[in-house]
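This report examines a protein model through its fold, its backbone and its aromatic side chains.

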Amino acid sequence: NGWNGYGRRSSTHGTYWSWNPRNNSLPIGKAGTFLIVMKISVRPAKTSDVKGIRKLIDTYAPQRRILSKETVTLYESVQEFVVAVDGETVVGCGALHVLWEDVAEVRTVAVSEELRGKGVGHQILELLISRAEAVGVKKIFCLTFETEFFGRHGFKEIEGAPVDPEVYQQLLRSYDEGIAELLDLESSKPNTLGNTRMVKVL
């Protein structure tokens, strides 16, 4: 392997990589006559990113891989999101929503189809985990089909509600869909069908 002006080249697969600000390498294109360099960074979302987040959700929601959300809800919760961007284009997203003093939920993790398997989702999830640690929660919940992906980051499958009975009763007062999923309530069954409930303890 060697270095050139663009990054490191893998002699095995002929894939170029670019070093990004979060000290992770991302594949940026196959070796050939022309090289398209992708400089992907992960950062907190801005209101101008919502259209890109909307596009990602609309890609996966019809497949029931993530839940759809109203656009107004995305603007209301934009501060919860982080995005992966290639220049000005949103190519990945994810959100952290606090549910209780010590519990938060990872929501709406999605990456453009052409970048799946390239490490972008892992960067997004790592930043969300760092956010959870910074705000002081001790457990992160997710509802997902991607059990292997989340498992690599320390999430474990759970049964029942991962909260104390007293907290459970308080949470029942919430209308948030994530609370219903966390507590495995009957009202959440249409959303949870086929999904796995997982928790990471920090």
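The sections below go from the whole chain to single residues.

## Basis of the analysis

The model is predicted, so local features need pLDDT of at least 70 and side-chain atom pairs count only at pLDDT 80 or more, while totals for chains, interfaces and linings use all residues. Residues are numbered from 1 along each chain as its sequence is written, and side-chain values use heavy atoms, with hydrogens and water left out.

## Overall composition

The protein contains seven helices and 11 strands; helices (H or I, at least four residues) and strands (E, at least two) are DSSP runs, numbered from the N terminus. Of its 202 residues, 45% count as buried, where buried means under 20% relative accessible area, exposed over 50%, and partly exposed in between (1.4 Å probe, protein chains only).

The accessible surface of the protein comes to about 11300 Å², and 51% of it belongs to carbon and sulfur atoms. Accessible areas come from the Shrake-Rupley method with a 1.4 Å probe; for residues, only the protein chains shown count as cover. Among contacts with a separation of 6 or more, 59% are accounted for by residues 24 or more positions apart, a contact being heavy atoms within 4.5 Å.

## Strand β8 and its partners

Strand β8 covers residues 103-111 and is mostly covered, with eight of its nine residues buried. Strand β7 (residues 89-100) pairs with β8 in the antiparallel sense over seven bridges; two strands pair if DSSP finds at least two bridges between them. Gly92 has Val111 of β8 as its bridge partner, and a hairpin of two residues joins β7 to β8.

Strand β9 (residues 139-144) runs parallel to β8, and three bridges join them. Val103 stands opposite Lys139 in β9. From β8 the chain crosses through α3 to β9 in a right-handed β-α-β crossover, that is, with the strands pointing away from the viewer, the path from the first strand over the helix to the second runs clockwise.

## Helix α3

Helix α3 comprises 16 residues (120-135), which at 1.5 Å a residue should span 22 Å; its end C-alpha atoms are 23 Å apart, in agreement with that value. The expected span is 1.5 Å times one less than the number of residues. Buried positions in α3 include Val120, Ile124, Leu128 and Ala132. Just after α3, Gly136 takes a positive phi of about 100°.

Most residues other than glycine have a negative phi. Thr108 is found in strand β8 and is buried, with a relative accessible area of 9%.

Asp184 also has a positive phi, near 60°. Asp184 lies in the loop between α6 (177-183) and α7 (189-192) and is partly exposed, with a relative accessible area of 28%.

## Aromatic pairs

The structure holds two aromatic pairs. Rings of Phe, Tyr and Trp (its six-membered ring) pair if their centres lie within 6.5 Å; planes under 30 degrees apart count as stacked, over 60 as edge-to-face and the rest as tilted. Phe149 and Phe150 form an edge-to-face pair, 5.1 Å centre to centre with 85° between the planes. The rings of Phe150 and Phe155 have centres 5.2 Å apart and planes at 80°, so this pair is edge-to-face.

Phe149, Phe150 and Phe155 form one aromatic cluster. Phe149 and Phe150 are both buried, Phe150 with a relative accessible area of 6%. Phe155 is buried as well, with a relative accessible area of 2%.
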